[in-house]
Amino acid sequence: MRVLVVEDEQVLADAVAVGLRRESMAVDVVYDGDAALEHTSVNDYDVIVLDRDLPGTHGDDVCASLVARSYPGRILMLTAAGELSDKVEGLTLGADDYLAKPFAFAELIARVRALGRRAAPPLPPVLRRSGITLDPANHTVQRDGHDVALTPKEFAVLEVLMRAGGTVVSAEGLLEKAWDENADPFTNVVRVTVMTLRKKLGEPPVIHTVPGAGYRI
């Protein structure tokens, strides 16, 4: 996930960036609205953490500009004002979520991850492993040259497993990356989806269960 942090309080901005990077996110930091518009004109971010009260171009105007040009990244607006009217106003401008200062960093992480799962991703390269070819851009899958028809969720699970490069992905990891934040963590949907995916990919099996750990290809 690639994140742009736009915050004029440099200590806070840098602290947020460090924390997000510890969560394996790629983070750029700018300290004013003009720089935010410049960065978003040349980079595709999954999530933009946008302070509302910015020098230069105001955060409201940055948000409105991004919405007007249908920027694909999701916007998490930060503000020192926590009143309901301020939240409504921020969301009305087109922000996807709103977080009042001071905030708990764990909540910020959770909200960024939730927005990142809904962001439109850049077109990745074709993935190949164990005779499987997965093209995320065209949403196609082949095994040994033969087309395999998958549901969107099966496709998402297969993509996560292939991106793992042979390492184990836990059921919780699959649930987090292939389902949205409303998914029930106690459901058996991951196990069922992996089972149907195995059947569609055919013999010999390429998705292996690692007892107590998860799944890998």
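**First stop: Val 126**

Select Val 126, which lies in the loop between helix H5 (105–118) and strand S6 (127–129). Helices (H or I, at least four residues) and strands (E, at least two) are DSSP runs, numbered from the N terminus. This is a predicted model, in which local features need pLDDT of at least 70 and side-chain atom pairs count only at pLDDT 80 or more, while totals for chains, interfaces and linings use all residues. Residues are numbered from 1 along each chain as its sequence is written, and side-chain values use heavy atoms, with hydrogens and water left out.

Now display the neighbours of Val 126: leaving aside residues up to four places away in sequence, Val 126 touches Thr 133, Leu 134, Asp 135 and Pro 136. Contact here means heavy atoms within 4.5 Å.

**The whole chain**

Zoom out and colour by domain. The assignment gives domain 1 (2–119) and domain 2 (127–216), with bounds that come from an automatic or database domain assignment. The C-alpha centres of domain 1 and domain 2 are 31 Å apart. Along the principal axes, the C-alpha atoms of the chain fill a box of roughly 60 × 35 × 30 Å.

In cartoon view, the chain shows 8 helices and 11 strands. Of the 217 residues in the chain, 41% are buried. Among contacts with a separation of 6 or more, 57% are between residues 24 or more positions apart.

Next, colour by charge. The chain has 23 positive and 32 negative charges, whose mean positions are 11 Å apart. Lys and Arg count as positive and Asp and Glu as negative, with His and the chain ends not counted; each charge is placed at NZ of Lys, CZ of Arg, CG of Asp or CD of Glu.

**Within domain 1's range of the sequence**

Select Asn 43, in the loop between helix H2 (33–42) and strand S3 (47–51). Asn 43 counts as buried because its relative accessibility is 18%. Its side chain makes a polar contact with the side chain of Tyr 45 at 3.2 Å. Such a contact is a pair of N or O atoms within 3.5 Å; within protein, one must be able to donate a hydrogen and the other to accept it, and residues adjacent in sequence count only if both atoms are side-chain atoms. Beyond residues up to four places away in sequence, Asn 43 touches Arg 2, Asp 28 and Tyr 71.

Move to Ala 64 in helix H3 (residues 59–68). Ala 64 is partly exposed, since its relative accessible area is 33%. Its C-alpha atom is 29 Å from that of Lys 177, 113 residues apart along the chain.

**Backbone geometry**

Most residues other than glycine have a negative phi, and most peptide bonds are trans. The next selections depart from that pattern.

- Lys 101 and Pro 102 are joined by a cis peptide bond with omega of about -10°; Pro 102 is in the loop between strand S5 (97–100) and H5.
- Glu 203 and Pro 204 are likewise joined by a cis peptide bond, with omega of about -10°; Pro 204 is in the loop between H8 and strand S10 (208–210).
- Ser 130, not a glycine, has a positive phi of about 55°. Ser 130 is in the loop between S6 and strand S7 (132–135) and, at 42% relative accessibility, is partly exposed.
- Asp 144, also not a glycine, has a positive phi of about 55°. Asp 144 is in the loop between strand S8 (140–143) and strand S9 (146–147) and is exposed, with a relative accessible area of 55%.

**Last stop: Thr 193**

Finish at Thr 193 in helix H8 (residues 189–201). Thr 193 counts as buried because its relative accessibility is 8%. A polar atom of the Thr 193 side chain lies 2.7 Å from the backbone oxygen of Val 189.

Definitions and conventions
Buried < 20%, exposed > 50% of the residue type's maximum accessible area, 1.4 Å probe, protein only.
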